[in-house]
Every structure is written in C-alpha cells, then in structure tokens.
Amino acid sequence: MENGGSTITIKGILSLLMESISELEDEEGRCAKRVISLGMGDPTLYSCFRTTQVSLQAVSDSLLSNKFHGYAPTVGLPQTRRAIAEYLSRDLPYKLSQDDVFITSGCTQAIDVALAMLARPRANILLPRPGFPIYELCAKFRNLEVRYFDLLPENGWEIDLDAVESLADENTVALVVINPGNPCGNVYSYLHLMKIAETAKKLGILVIADEVYGHLSFGSKPFVPMGVFGSIVPVLTLGSLSKRWIVPGWRLGWFVTTDPSGSFKDPKIIERFKKYFDILGGPATFIQAAVPTILEQTDESFFKKTLNSLKNSSDICYDWINEIPCIDSSHRPEGSMAMMVKLNLSLLEDISDDIDFCFKLAREESVILLPGTAVGLKNWLRITFAADASSIEEAFKRIKCFYLRHAKTQSQTIVDL
C-alpha cells in the first residue's frame with residue numbers, strides 16, 4: 001500500500017527539474033530554449049489566465065480602507081465565513097451557516113486541519129492513487145496510517161469502491177475524494193458520488209471532499225459538490241479561491257462542515273475546531289475582507305472564459321498525445337487543470353522510468369513535466385494544461401522531437417516483444 005511518491009513532493013521535484021535546466025545556462029544565464037513548464041498547477045504563469053478586475057478592486061479597496069490591518073478572529077472574519085457559506089449553499093439542497101465555515105491559508109492548510117482533527121492512535125485514512133501527495137505528508141506528521149485505493153483509468157478515473165471496502169476497518173476515519181480530479185482531469189458523475197457516499201455510510205466513515213478545482217468542469221459532466229450527499233454521510237468540504245479565481249498566491253481557503261444531519265454540531269467537536277484554529281495563522285485580514293465582494297460580484301463571463309481556455313488547452317494536449325507513440329491517454333480531460341498520461345518505456349531505448357524521462361526531457365528540451373511517481377503512479381506523467389495554446393504547441397513539438405531522438409528502431413522493438 002505504500003505510495004511510490006512517499007518521499008517526494010511536487011514542488012521539490014519540480015525545483016530539481018528546474019535546477020537541471022539551469023545547469024545548462026551559458027555564462028550570461030541564458031538557456032538555449034525558453035523553459036516551458038507544464039508541471040506546476042499555477043495558471044498565473046501564463047498571461048492568458050488572469051483574475052478579474054472585481055477581485056483586484058475588492059482587495060485594493062479592502063487594503064486602502066485602513067479597516068483590516070489588525071488580527072482577524074482565528075476562525076476567520078464573520079462576513080467572510082458568511083459569504084462562503086452563501087456561495088457554497090447555491091449548489092446544495094440545504095443552507096450552510098457561517099458557523100459551518102472556517103477560513104484557512106489555502107486548501108493546503110484545510111487539508112492539514114482535516115487530518116489533524118481526525119488523527120487518533122491506530123487510525124488510518126483512505127487516499128486515492130494517483131492523488132495529491134500533501135495528504136500523505138500531512139498524514140505522516142499526524143501518525144495517521146495511509147491506505148491507498150486505486151482510481152481506474154479505464155473507467156474515467158472513478159474510485160475502485162470494492163477496494164475501498166476491502167481496505168477499511170474499524171480504525172478507518174475517512175475517505176478522501178478529489179473532484180474535479182487532480183491529477184487526472186476527471187469529473188465524477190452524480191451517480192458515482194452517490195455511490196461513494198453510500199459506501200462511506202456503510203463503512204461508518206466520513207468523506208473529505210477536496211474541491212479546490214470546484215466548478216472547473218468543461219466536459220459533459222457538470223460539477224456536483226460532495227456536500228449534496230451530506231444527509232447520507234458527513235462531509236468535510238475543502239476549497240479555496242486559488243483555481244477558480246486564479247489567485248493561488250492569495251492563500252485564501254476554507255474548511256467547511258457540510259453536514260445537515262448535525263454530526264459535527266457536538267459542542268466538544270466545535271470547541272476542538274476553534275481551539276485548533278487558535279494556533280493557526282490564517283490568510284491576511286484584508287484578503288479575507290475582500291471575499292464577499294469577490295464571491296458576489298464576479299461575472300459569469302469570467303468563469304466561461306476560463307473554462308473555454310482550459311478546454312481548448314486540454315484538447316490541444318490530447319490531440320498531441322495521440323501523435324506521440326510513447327505516451328498515451330485514453331481519457332480526454334473533463335475538468336481541473338491537469339491530466340495523466342501513460343509512458344510506454346518499451347518504445348524508448350535509453351529511458352529507465354518516468355523520473356529519468358522527465359529529467360532528460362528537461363535537460364534536452366527545456367520542457368518540464370511532473371513524473372507520475374510524485375503522485376503515486378510510476379511510469380506515468382502528469383501534464384498541466386493551464387497554459388496558453390502557443391506554449392502547449394511548442395512544448396509538445398519538443399516532446400515529439402525528444403521521443404524521436406530516444407525511440408527504439410523498429411527491429412529493436414520487435415526483438416523486445
């Protein structure tokens with residue numbers, strides 16, 4: 001059940017890939033080719049992805065008002081919690097209150113809060129593979145045993161629910177669901193999410209719903225929040241402004257109890273939440289104060305433009321992948337900002353694994369992809385498509401050149417077979 005990426009972080013391996021490119025710079029710091037990174041899920045790296053003027057003005061007004069330079073309540077400003085509750089309630093069959101919402105420094109801190117609240121002696125948590133490695137890192141710090149269930153590429157990366165049932169025991173505390181999917185670019189259907197909720201109820205565990213890519217769905221399936229099924233099973237919903245509003249550096253996230261049955265309403269549980277937030281540093285107060293305006297006044301046209309850009313970029317990636325024999329994806333992305341592709345090493349003569357592939361690609365072509373090992377799938381690659389079309393086209397032209405340079409001859413391939 002060990003994840004191959006247990007000692008690897010995404011930022012860590014991407015830094016090493018960048019360093020391998022910088023070793024090739026000349027004395028004036030110039031690289032032979034401009035670096036194109038399709039490895040980090042940060043859309044702000046490309047000029048086609050920019051946040052709204054509404055967001056910028058809201059933060060500016062908040063900062064210049066001189067009202068928000070002091071400490072915020074540790075659980076977050078009341079108006080911010082209220083605004084997020086109203087925003088999330090738009091897609092739920094019940095209403096959240098501000099008491100259900102706790103403000104965090106991005107979704108990463110929300111993940112840490114969720115795992116800290118669930119940790120206890122001998123407890124284990126069920127994580128998806130491939131998935132987001134921060135969960136495993138946080139679990140190790142909390143002495144939570146990690147057990148992995150597979151996502152099934154042949155089924156559009158749906159959860160292997162039979163595996164979930166076989167992995168769970170009396171010490172299992174939660175199941176993590178990432179939807180829309182990072183790193184797979186999938187979006188779960190209403191029916192599959194209901195089956196997940198029913199499975200969790202049967203096992204007596206809660207669901208942690210990582211919805212940092214919430215509403216970034218551009219395929220045939222609409223985004224359905226896991227909280228819709230909160231009456232079946234208690235759900236902790238984690239999210240942020242980062243991706244939908246294209247402001248990951250603002251570090252504004254949330255930890256929300258989407259639980260109409262009231263499983264989290266026990267005063268002892270609420271008090272534990274509040275005490276834990278007393279030791280955390282939340283987002284800057286003036287960023288929090290801007291949230292109500294951002295959530296209420298962002299025009300739908302901004303979201304549509306982002307989705308159109310992501311769909312166009314993902315289609316370019318998918319079409320190029322079909323042109324390069326050594327990589328394969330049977331699943332066209334439907335959401336988020338990344339996809340997984342399988343690496344066929346039998347077609348390459350001097351590449352040992354996905355990490356070797358990525359480091360040689362970086363050195364030879366100045367293109368950065370994330371090795372699948374970092375997200376739990378050895379000999380796969382994660383490709384981020386939150387980039388402009390011209391950069392993606394150029395990156396894949398170089399990847400194709402890289403393949404042709406390292407491809408086995410036909411006779412070699414026949415011998416291997």
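I began with T104, which counts as buried because its relative accessibility is 0%. Buried here means under 20% relative accessible area, exposed over 50%, and partly exposed in between, with a 1.4 Å probe and protein chains only. I note that this is a predicted model: local features need pLDDT of at least 70, side-chain atom pairs count only at pLDDT 80 or more, and totals for chains, interfaces and linings use all residues. Residues are numbered from 1 along each chain as its sequence is written, and side-chain values use heavy atoms, with hydrogens and water left out.

I placed T104 in strand β2, residues 101-105. Helices (H or I, at least four residues) and strands (E, at least two) are DSSP runs, numbered from the N terminus. I then looked for contacts, meaning heavy atoms within 4.5 Å. Not counting residues up to four places away in sequence, T104 touches Q109, A110, R251, L252, G253, W254, F255, F277 and P283.

**Sheet.** I traced an open sheet of 4 strands in the order β10-β11-β14-β13, with antiparallel pairing. β10 (327-328) and β13 (370-371) stand at the edges with a single partner strand each, so one side of each has no neighbour in the sheet. Strands pair if DSSP finds at least two bridges between them. β10 pairs with β11 (residues 338-343) in the antiparallel sense over 2 bridges. D328 stands opposite K342 in β11.

**Pocket.** I used a 1 Å grid over the protein atoms alone: a cavity is a set of points where a 1.4 Å probe fits but cannot get out, and a pocket is an open set with protein on both sides within 12 Å along at least five of seven lines; lining residues have an atom within 4 Å of a point. Grid points are joined across faces, edges and corners, and a volume is the space filled by probe spheres set on the points. The largest pocket holds about 610 Å³. Its lining has 26 residues, with K11, T108, F132, K243 and R251 nearest the centre. α1 (10-22), α4 (106-118) and α5 (134-141) are the elements giving two or more residues to that lining. The largest share, 4 residues, comes from α4.

**Cavities.** I found 4 cavities of 30 Å³ or more. The largest cavity has a volume of about 210 Å³. Among its 19 lining residues, Y87, L88, E211, H215 and F223 are closest to the centre. β8 (235-240) is one of the elements that supply at least two lining residues. β8 gives the most to this lining, with 4 residues.
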